[in-house]
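Here is a short note for a colleague opening this structure for the first time. Please read it with the model on screen.

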Amino acid sequence: MIGQEMQSELLRLATEARGRSYSPYSNYAVGAALLTKDGRVYQGCNIENASFTPTICAERTAFFKAVFDGVREFSAIAIIGSGDLPAFPCGVCRQVMSEFCDDEFVIITSNRDGSEVVTETLDQMMPHRFGPKDLL
Ligand code: THU
C-alpha cells in the first residue's frame, strides 16, 4: 500500500491531467497519475476520436508515455473521472497494467470531486489475469 500523502499527491496530479482530456464525444474527462517504482510520476488523459475506436484511456496514455521513456516498473496509479462514481479502470487498461505490474500494484480511483475514493490492488481488481508469466 502507499501512504496517505502520496495518495493525495497522485490524486492531485490526476486531477491536473484530467484538465488536458480531449473528450468531446463522451464529455467524460479522465485523468491519471502513474507512480514509478523510482518515484517519478507520469500523467495521462483520455484522448477521443471521431472514429471512436482509436480512443485511448487516461491510464494507457500514462503507461505508454512511461514505457516509451524506458520505465517498466510501477507502484501505483490514481484515476479520476467526471462522474458520480469512482472511475474504475476498464478491462483493456487492467490488461495493460497486468503486463507491467505485480499483484500489489495500487489502484486509486476517485469520482469527480474526490468525495469517493476507492483503493485496491491489481490482484483484487483483476484476479486470475493473463500476463507475461503465461508466456515467458
Ligand atoms: N475512459 C478512461 O479514460 N479510462 C477508463 O478506464 C474508462 C474509460 C475514457 C474513455 C472514453 O474517452 C471515456 O472515458 C468514456 O468511455
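Which residues line the largest pocket?

1. **Basis.** This is a predicted model, in which local features need pLDDT of at least 70, side-chain atom pairs count only at pLDDT 80 or more, and totals for chains, interfaces and linings use all residues. Residues are numbered from 1 along each chain as its sequence is written, and side-chain values use heavy atoms, with hydrogens and water left out.

2. **The pocket lining.** Ser-98, Glu-99, Phe-100, Cys-101, Asp-102, Asp-103, His-128, Arg-129, Phe-130, Gly-131, Pro-132 and Lys-133 line the largest pocket. A pocket here is an open set of points on a 1 Å grid over the protein atoms alone, where a 1.4 Å probe fits, with protein on both sides within 12 Å along at least five of seven lines; lining residues have an atom within 4 Å of a point. The elements giving two or more residues to this lining are α3 (91-100) and α5 (132-135). Helix α3 gives the largest share, 3 residues.

3. **Pocket volume and make-up.** The volume is about 170 Å³, taken as the space filled by probe spheres set on the points, which are joined across faces, edges and corners. By class, the lining has 4 nonpolar, 3 polar and 5 charged residues. Ala, Val, Leu, Ile, Met, Phe, Trp, Tyr, Cys and Pro count as nonpolar, Asp, Glu, Lys and Arg as charged, and the others, Gly among them, as polar.

4. **A link to the pocket.** Asp-102, one of the lining residues, forms a salt bridge with Lys-37, with the closest N and O atoms 3.1 Å apart. A salt bridge is a side-chain nitrogen of Lys or Arg within 4 Å of a carboxyl oxygen of Asp or Glu. Lys-37 lies in the loop between β1 and β2 (41-45) and Asp-102 in the loop between α3 and β4 (106-110), so the pair ties together parts that are 65 residues apart in sequence. Asp-102 is partly exposed, at 34% relative accessible area (buried is under 20%, exposed over 50%, partly exposed in between; 1.4 Å probe, protein chains only).

5. **Other salt bridges.** The whole structure has 9 salt bridges. Arg-40 and Asp-38 meet in one of them, at 2.9 Å from N to O. Asp-38 is exposed, at 52%, while Arg-40 is partly exposed, at 40%.

6. **Helix α1.** Arg-12 pairs with Glu-16 in a salt bridge at 3.9 Å between the closest N and O atoms. They are 4 residues apart in helix α1, so about one helical turn separates them.
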